[in-house]
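Good morning, colleagues. Please look at the structure as I go.

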Amino acid sequence: MRPPTRRAKTASLQHERQYQRAGFRIIVGIDEAGRGPLAGPVAAAAVALPLQRRDLGQRLRGARDSKMMTPAQRATMNTIVKQTSLAWALGSASAQEIDDCGIVAATRLAMRRALAALNNKGIEADCVFLDYMLLPECSELPQVSLVEGDRRSLSIACASILAKVWRDAHMRQLDERYPQYGFAQHKGYGTSAHLDALRQHGPCPAHRESFAPVRAALRPRGLHEARAGA
């Protein structure tokens, strides 16, 4: 006999319910995708779920940390989250902005842009849930920082899915522009194939020059050769 199939674990609504009971009506989950890659933007999503829906957990069954989902699962859940949420929005910060201000500041910038886009849709958060981070520039807004928030909060998990799906699609578009790097496969992460392409072709405008492997590829080839012969 085959072992019973285990259902994918869904992120919890426990924290949302706790803050809902405390009087917060609109709770917005925010999460990012793409802090670690060597190329491409860092993306963020903001999601406001209809916490009054009794079937919300059932409707979003399987939504969890996007890194624990397959591409097909993320694509399906991306559509369901957009259809189910009160509102959702996306923001990003470019590779150039990452180089200019650093990855942490750029991540917060992407998050603030997602939150501003949500406000433009008429949704103003009473409270924001974030995965580990806080937004000091939004100190007037109540914020809850949850370690492993994309596993512990359904709002954050939904945001992680939207951010990941958007960024992966963006990297596929960059792959069409710069096919020599294989962005569609590794999404800009520092795989051996990506590092080989960097050494062979050097960086392109989508690369983050402030990241060490990209900086190394920017050094003149002659300098490498001189050091190798020393």
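Strand 1 (residues 27-33) and strand 4 (residues 127-131) run parallel and are joined by four bridges. Strands here are DSSP runs of type E of at least two residues, numbered from the N terminus, and two strands pair if DSSP finds at least two bridges between them. I30 has L130 as its bridge partner in strand 4.

The model is a predicted one, in which local features need pLDDT of at least 70 and side-chain atom pairs count only at pLDDT 80 or more, while totals for chains, interfaces and linings use all residues. Residues are numbered from 1 along each chain as its sequence is written, and side-chain values use heavy atoms, with hydrogens and water left out.

With strand 2 (residues 42-48), strand 1 runs antiparallel, through six bridges. There, D31 stands opposite A45.

How many residues of strand 1 are buried? The count is seven of seven, where buried means under 20% relative accessible area, exposed over 50%, and partly exposed in between, with a 1.4 Å probe and protein chains only. I27, G29, D31 and A33 point one way, V28, I30 and E32 the other, and all are buried.

I turn to the cysteines. A disulfide is a pair of cysteine sulfur atoms within 2.5 Å, and the whole structure has zero of them. For C101, the closest cysteine sulfur is that of C138, at 15 Å, which is too far for a bond. C158 is likewise in no disulfide, with the sulfur of C127 the nearest at 16 Å. C101 is partly exposed because its relative accessibility is 39%, whereas C158, at 0%, is buried.
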